Protein chains: 2
Amino acid sequence: MEYDAYIQTCPTRMVLDRLADKWAVLVLGRLDDKPVRFNQLKREIDGISQKVLSQVLKKLERDGLVSRAVFATVPVTVEYAITPLGRTLSATVDALRRWAEDNIETVLAAQQKYDRAAV
Amino acid sequence: MEYDAYIQTCPTRMVLDRLADKWAVLVLGRLDDKPVRFNQLKREIDGISQKVLSQVLKKLERDGLVSRAVFATVPVTVEYAITPLGRTLSATVDALRRWAEDNIETVLAAQQKYDRAAV
DNA sequence: CGGGATCCGATCTGATACTG
DNA sequence: CAGTATCAGATCGGATCCCG
């Protein structure tokens, strides 16, 4: 209720709120290569429901990170593509991806140590 | 149920799941300067409840991103600090922060355009 | 001071069904 | 094909009370 207003005052929080949706990151990553259609995205992103995918795409489009193109074929074809703005964000997220891959071992080790101590 | 098992196979998803918690990022950012005590954190991070703060700190500690030091004062003092590992992640997140600040105008403009069109 | 335990309403999700 | 609408279940988050 007041959070929406508050969020506008903090850009970082806003962007993080978007990325907080892990699906958004996966969708963006998937679109980074080339435009993809709705059901193809659904098939390629393991575990996402069509409802959530549709919601995520709408948010990404609203933020100007993804574009939506409709082709008047029968049946209709809709292609989602990453925008130049989306691409710059994607590049930034890549740094995070690298961090994750580089440090996953360390994190997993820390978790195991923590869990053993907690018993 | 099976998601926990799945997540282990994808480092990026795991790290994103941690950062997906917007509070985690805020806590990490706040600890980046210097160690802080529990209630001080609660006061400084606007809007967080003590329950959520406690949960977030536990997760960050489990991941080895934050350390917890207890001092036997009366009453007891607990100080949370960022670890070297946490610091490297924090640096990566900073890139995201910069992207957010640099592009917030563009994103807000896109949102307004989208909302006008949707009417 | 630094939390844990509990209750409870708000939110999110998945599954299913339907449409242009 | 590309979605929207709906409903029931799971999860989350805040508020409150309590303890060492």
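In this predicted model, the contact between the two chains draws on 43 residues from chain A and 43 residues from chain B. Together chain A and chain B bury about 4000 Å², and 71% of that area lies on carbon and sulfur atoms. On the side of chain A, the residues that lose the most area to chain B are A:R62, A:L96 and A:W99, which together account for 18% of what that side buries.

**The interface between chain A and chain B**

- The size of an interface is often given as the accessible area lost when the parts come together, and for chain A with chain B this value is about 4000 Å².
- Between chain A and chain B there are 8 residue pairs in polar contact, counted where both residues have pLDDT 80 or more.
- At least two residues each are supplied to the side of chain A that touches chain B by helix 1 (3-7), helix 2 (11-20), helix 3 (22-31), helix 5 (50-62) and helix 6 (84-118) of chain A.
- Helix 6 of chain A provides the largest share of the side that touches chain B, namely 20 residues.
- Sorted by class, the side of chain A that touches chain B consists of 24 nonpolar, 8 polar and 11 charged residues.
- The interface of chain A and chain B holds 2 salt bridges, and one of the salt bridges joins A:D115 to B:R62, with the closest N and O atoms 2.5 Å apart.

- A polar atom of the side chain of A:T92 lies 3.0 Å from the backbone oxygen of A:T88.

**The sheet of chain A**

- Chain A contains an open sheet of 3 strands in the order 1-3-2, with antiparallel pairing, in which strand 1 and strand 2 are the edge strands, each pairing on one side only.
- Strands of a sheet pair through backbone hydrogen bonds, either parallel or antiparallel.
- Strand 1 (residues 36-37) and strand 3 of chain A pair in the antiparallel sense over 2 bridges, and A:V36 stands opposite A:Y80 of strand 3.
- Strand 2 (residues 66-71) and strand 3 of chain A also run antiparallel, and 6 bridges join them; strand 2 and strand 3 form a hairpin with 5 residues between them.
- Across from strand 3 of chain A, A:V70 stands opposite A:V78, while A:A69 has A:E79 as its bridge partner.
- Strand 3 (residues 77-82) of chain A is mostly covered, in that 5 of its 6 residues are buried.

**Helix 3 of chain A**

- Helix 3 of chain A is likewise mostly covered, with 8 of its 10 residues buried.
- The buried residues in helix 3 of chain A are A:K22, A:W23, A:A24, A:V25, A:V27, A:L28, A:R30 and A:L31.
- Helix 3 of chain A also belongs to the helices that each supply at least two residues of the side of chain A that touches chain B.

Note on methods: Residues numbered from 1 in each chain as written. Chains lettered and ligands numbered in written order. Predicted model: local features only at pLDDT ≥ 70, side-chain atom pairs only at ≥ 80, totals over all residues. Heavy atoms only, no water. Contact = heavy atoms within 4.5 Å. Buried area = accessible area lost by both parts, 1.4 Å probe. Salt bridge = Lys/Arg side-chain N within 4 Å of Asp/Glu carboxyl O. Polar contact = N/O pair within 3.5 Å; in protein donor to acceptor, adjacent residues only side chain to side chain. Helix = DSSP H or I, 4+ residues; strand = E, 2+ residues; numbered from the N terminus. Nonpolar A, V, L, I, M, F, W, Y, C, P; charged D, E, K, R; others polar. Buried < 20%, exposed > 50% of the residue type's maximum accessible area, 1.4 Å probe, protein only. Pairing = 2+ DSSP bridges.
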